[in-house]
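User: Hi! I'm new to reading protein models, and I'd like to work through this one with some questions. Could you help me?

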Amino acid sequence: MKVMAFNGSPRKKWNTATLLEKALEGAASQGAETELIHLYDLAFKGCVSCFACKTKGGLSYGRCAVKDDLAPILKKGEAADSVILGSPIYYGTVSGEMRSFMERLMFPNMTYTDPPQSLFPKKINTGFIYTMNATPEDMERFGLDQHIVLNERLLQMIFGASESLLSFDTYQFKDYSKVVADRFDPEKKAKRRKEIFPEDCGKAFDMGVRFAEKNG
Ligand SMILES: Cc1cc2nc3c(=O)[nH]c(=O)nc-3n(C[C@H](O)[C@H](O)[C@H](O)COP(=O)(O)O)c2cc1C
């Protein structure tokens, strides 16, 4: 049982990475082999529209033909039994690197048929952990939930199962007194970090446990 996680934050020790680490700890507690990939360590681009993955009889049919740092990671991902993506919300959606990663992960595995079909060879669990400044009320106000539901549906269609974990109103800066960010109340942020973030970590851990126990 192998569980792979992908960090779409440039920060390797902050909210998103911490939750992904907790999820992997949960999976490891059930004996799973785990690996965390930091997308910002890799030199790669999003889909370049070459369509090698869609070319009839082509050597790369159903696989991404682009050769960059992501190529060996995508290959490794084929052997994963569960995949967990994690991203901060940047301007209402996932980070640019996560978006590029998703294009490369999903496009080769999805046919342009009606209805679309998955070329991924097995059914696996996928999870998506989102972290954001937004509160649940902001999320609804800005329609953020639409991105989340769409990602869930795409991942379900391609990989079999998908669930989302949302961590709201995260602690963003090491020292709020050193940045111009009057919008936020540092005390409220610190309180939430102390009281709510550990609960989110617990939920991430439980996701990892569940993913190591069963498959899609
Ligand atoms: C470029 C940028 C854009 C952001 N845009 C949003 C946003 O649209 N909505 C939101 O709720 N938070 C936004 N944030 C805040 C982050 O989503 C939040 O701090 C997140 O938890 C950071 O994840 P990290 O600690 O793993 O890096 C933004 C942060 C950055 C750096």
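This is a predicted model: local features need pLDDT of at least 70, side-chain atom pairs count only at pLDDT 80 or more; totals for chains, interfaces and linings use all residues.

User: Is N151 buried, partly exposed or exposed?

Analyst: The relative accessibility of N151 is 3%. Buried means under 20%. N151 therefore counts as buried.

User: Which residues does N151 contact, leaving aside its neighbours within four places in sequence?

Analyst: Here we look for heavy atoms within 4.5 Å. Neighbours within four places in sequence are set aside. The residues in contact with N151 are then V94, R99, M102, F128 and Y130.

User: What distance separates the C-alpha atoms of L119 and Y61?

Analyst: Along the chain, L119 and Y61 are 58 residues apart. Even so, L119 touches Y61, as well as G62, P108, N109 and T111, when residues up to four places away in sequence are not counted. The separation of the C-alpha atoms of L119 and Y61 is 9.4 Å.

User: Let's turn to the pockets. Which element gives the largest share of the lining of the largest pocket?

Analyst: The largest pocket holds about 650 Å³ of space, and 23 residues line it, with I89, Y90, M132, N133 and Q172 nearest its centre. Helix 1 (15-29), strand 3 (82-90) and helix 4 (136-141) each supply at least two residues of this lining. The largest share, three residues, comes from strand 3.

User: How many residues in the lining of the largest pocket are charged?

Analyst: Sorting this lining by class gives eleven nonpolar and eight polar residues. The number of charged residues is four.

User: And which element gives the largest share of the lining of the second largest pocket?

Analyst: The second largest pocket has a volume of about 400 Å³. Its lining has 24 residues, and those nearest its centre are R63, C64, L74, K75 and E78. Helix 2 (70-77) and helix 3 (96-106) each give at least two lining residues. The largest share, six residues, is from helix 2.

User: How many nonpolar residues line the second largest pocket?

Analyst: Four residues of this lining are polar and five are charged. The nonpolar residues number 15.

Conventions. Residues are numbered from 1 along each chain as its sequence is written. Side-chain values use heavy atoms; hydrogens and water are left out. On a 1 Å grid over the protein atoms alone, a cavity is a set of points where a 1.4 Å probe fits but cannot get out, and a pocket is an open set with protein on both sides within 12 Å along at least five of seven lines; lining residues have an atom within 4 Å of a point. Grid points are joined across faces, edges and corners, and a volume is the space filled by probe spheres set on the points. Helices (H or I, at least four residues) and strands (E, at least two) are DSSP runs, numbered from the N terminus. Ala, Val, Leu, Ile, Met, Phe, Trp, Tyr, Cys and Pro count as nonpolar, Asp, Glu, Lys and Arg as charged, and the others, Gly among them, as polar. Buried means under 20% relative accessible area, exposed over 50%, partly exposed in between (1.4 Å probe, protein chains only).
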